[in-house]
Amino acid sequence: MPEGHVLHRLAREFNARYRGVDLEVSSPQGRFDASPIAASRLEGAMAAGKHLFLTFSTGDIVYVHLGLIGSLRFEPTDHVWGQIRLRVNNGREAANLRGPQFCRYLSPFQVEEILARTGEDPLRADADPQRVWDKVHASRRPIGSLLMDQRLFAGVGNIYRAEPLFRLGISPFLPGCDLQRDQFEALWADLVELMNYGVEHGRIDTVRPEHLPEAMGRDPRADDHGGEVYVYRRAGEPCHVCFSPIAVRQMEGRNLFWCPRCQPT
């Protein structure tokens, strides 16, 4: 499932490419009724966690959640392939949405309902980490579980769970109530830094300069997800810092990766 930086990057691109211009909006697949916004303008796009909201000049708000297999690509106007649920065409290129979990109209009240149950997003200027700390500090759930809770850390997924914990030497099995305040503040700051990098560059890179391939004389990472990482999807491979094998275990229905030596329990 795409992590939060992907949705923020999409919102930024929508605003840059489509806001304020005449649009042709359609659903080639036919599973979304685009007629209310067929000839409209985009007033603005906004992301919160893994949610994307598109507000049109008609007053209609389209809510998109990509889910596990969804994709939203900016493509030439003649690229009409696959099952396109929503197509937003500005005459030069089209934003094509395929395979989302949700693509539907919402009222302003329904948008507020979603935002109210969404946690604090490290990529939003209005995020309040104090609210997250209060809940984390009161919980006995492990921090590796809490980080995946979208009611707390909005937009954080499996990669942004594993990598900051490694970078800070925090065990994913540490109960939230045992996490120190300075550890939480460092964790939040690292999420802000890494996720903003993801927005700017369109990929996740978490490895510090001294552990990059050219610095260590190792091969670059070969993975469909791209980016240089410390532990994510590296089970059994040597840690870039201590060279111990990276471990893996299921937590919250997803594979959790960590270094037992660098992140002792």
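Me: What do buried, exposed and partly exposed mean here?

Reply: Buried denotes a relative accessible area under 20%, exposed denotes over 50%, and partly exposed lies in between. This model is predicted. Arginine 12, with 32% relative accessibility, therefore counts as partly exposed.

Me: Which side chain meets that of arginine 12 in a salt bridge?

Reply: In general, side chains of opposite charge can pair when their charged atoms come close. Here, the side chain of arginine 12 meets that of glutamate 13, at 4.0 Å from N to O. Glutamate 13 is classed as buried because its relative accessibility is 18%.

Me: Which residues are linked with Arg12 and Glu13 in a network of salt bridges?

Reply: The network of salt bridges links Arg12 and Glu13 with Arg17, Glu93 and Glu200.

Me: How many salt bridges does the structure hold?

Reply: There are 15 salt bridges in the structure. One of them joins arginine 124 to aspartate 126, with 3.0 Å between the closest N and O atoms.

Me: Is aspartate 126 buried or exposed?

Reply: Aspartate 126 has a relative accessible area of 53%, so the residue is exposed.

Me: With which residue does aspartate 149 form a salt bridge, and how far apart are the closest N and O atoms?

Reply: Aspartate 149 pairs with arginine 141, and the closest N and O atoms are 3.1 Å apart. Aspartate 149 counts as buried because its relative accessibility is 9%, whereas arginine 141, at 30%, counts as partly exposed.

Conventions
Residues are numbered from 1 along each chain as its sequence is written. This is a predicted model: local features need pLDDT of at least 70, side-chain atom pairs count only at pLDDT 80 or more; totals for chains, interfaces and linings use all residues. Side-chain values use heavy atoms; hydrogens and water are left out. Buried means under 20% relative accessible area, exposed over 50%, partly exposed in between (1.4 Å probe, protein chains only).
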